[in-house]
Amino acid sequence: MIKLLHHLGLYFSMMKKVISKPEKWSVFRKQLVLEMEKVGINSVSLVIILSFFVGAVVSIQTAFNMDSPLLPSYLVGLASRDSLILEFSPTMISLILAGKVGSSIASEIGSMRVSEQIDALEIMGINSASFLILPKIIATIFFFPFLIIMSMGIGMIGAWAGGLSADVTTADFMYGLKYEFNSFYITYAMIKTIFFAFIISSVSAYFGYHTKGGAIAVGKAGTSAVVTSSILILLFNYILTNLILS
Amino acid sequence: MIEMQNIEKHFEDNHVLKNISFLFEKGKTNLIIGESGSGKTTLIKILIGLHKIDSGTVLFDGIDFNTIKTKQQRILRQEIGMLFQGGALYDYMSVEENIMFPLNMFTEKTEAEKLERVNFCLKRVNLEGINNLMPSEISGGMTKRVAIARAIVMQPKYLLCDEPNSGLDPKTAIIIDNLIQEITKEYNITTIVNTHDMNSVMEIGENIAFINKGEIWWKGNKDGLLNSDNKELNNFVFASKLFKRLKN
């Protein structure tokens, strides 16, 4: 318990330093663009591959479980749509990105810490926490919603392809996709995504920023970042779902 | 000049620095020497504000670093150039970008002016034409020289060097030592070098503090060092057969 409070104290004191006006806007903009590329663009291919195949599998499994002739085949499209929008794209993709982006943030900042690059920033009179972490947080919060929207779209294409292989016609699938669509689901998914993006970037940055030691410590920071971010994502998924959908 | 007065530092129960007082003089290469674990790095990190002191005073030309506001500390830090043990170059930036970084952060110079200053600093450390190389593409000695170029790019009043020769061959180490001394004289700055390399001490030691078990046991210059009768200092300085022979 004391350890948890210690970590929370360090986390909030780091965040207090992070949320401050950048030293120089022109440098900050460059950093932000760099982070968008690292955090967002470099994750696009992974998100496309995952979403397509999971979408396909979701629709095949749905079709496989609907043996009764009383159930209309458009339900495959409907079930795939809701699974992808409500849970797979915002939560599962965020969990996967916690592994990819989170470990990358923690190990990058961690290795900067152990190789004294962060000390070098501090000595120059630069707020290292803000300089290094703020662009990462903004880049993830800004870019993750695009990734998740893209994941939903690609997932549905995958679901359509999976549906075709399970003898669901394109017309039925499309009808199911549109059937009683509630646009609030998208809003719900985006709210979750923004929370998860903040958790992934800030928690991973916390573990990297407080790395002590050498290469082993950097590895441990990466692991701790992924594990903690994943647990927090699941916890906040439950809390947010309860608050928004109940 | 930088003056330390009665510095005390603990890490939990470990009393790391005990009543340290020393004057680092302007225009001289001031050396902090001592065994590994004697408190040298802690001392240099206290000087640059990376560690807080329990008690005592650090004066930068009369300004007490620990009593001024954080904003003023940041401004003062811009007058400090620091050379880290491993160079601490930003590995996602090229050599040019590394040296230009402080200029980008703290000046309003045009790109051409910044580039001119970077090239001047690179020339000063005898590394012309490597602007576009990445830190991973240069040798250890070059890394140290690029780090020196970055440290002097803002024309600092104070230059602090932590183990500048670690991991370098003797010839390159002497080049780095001489470069630090030349820059000190040329810009009339206060330079502090933290080292346990006796070759460095003999090469550039003008004002030396010997730290042992967190205390200053001896002060002087390189000539006094050879003739001192301080037992602990002699054990440290003449640890190698070569230096023992030199003394005899």
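Predicted model: local features only at pLDDT ≥ 70, side-chain atom pairs only at ≥ 80, totals over all residues.
Student: What makes the radius of gyration of chain B agree with that of a compact globule?

Tutor: For 248 residues a compact globule would have a radius of gyration near 18 Å, and because chain B has 18 Å, the two agree. Along its principal axes the C-alpha trace of chain B spans about 55 × 45 × 30 Å, and 41% of the 248 residues count as buried.

Student: What makes β6 and β10 of chain B the edge strands?

Tutor: The open sheet has 6 strands in the order β6-β7-β8-β3-β9-β10 (chain B), with mixed pairing; β6 (80-83) and β10 (215-220) each pair on one side only. The twist averages 15° from one strand to the next.

Student: How do you know that chain B is in contact with chain A?

Tutor: Two residues are in contact if their C-beta atoms, placed from the backbone, lie within 7 Å, and 15 residues of chain B are in contact with 13 residues of chain A. On the side of chain B that touches chain A, α2 (70-77), β6 and α3 (95-106) of chain B each supply at least two residues, and the residues of that side divide into 10 nonpolar, 3 polar and 2 charged.

How values were computed
Residues numbered from 1 in each chain as written. Chains lettered and ligands numbered in written order. Pairing = 2+ DSSP bridges. Helix = DSSP H or I, 4+ residues; strand = E, 2+ residues; numbered from the N terminus. Axes fitted to C-alpha atoms, helices over the stretch in contact; angles between N-to-C directions. Nonpolar A, V, L, I, M, F, W, Y, C, P; charged D, E, K, R; others polar. Rg over C-alpha atoms; globule rule 2.2 N^0.38 Å. Buried ≥ 20, exposed ≤ 12 C-beta atoms within 10 Å, placed from the backbone.
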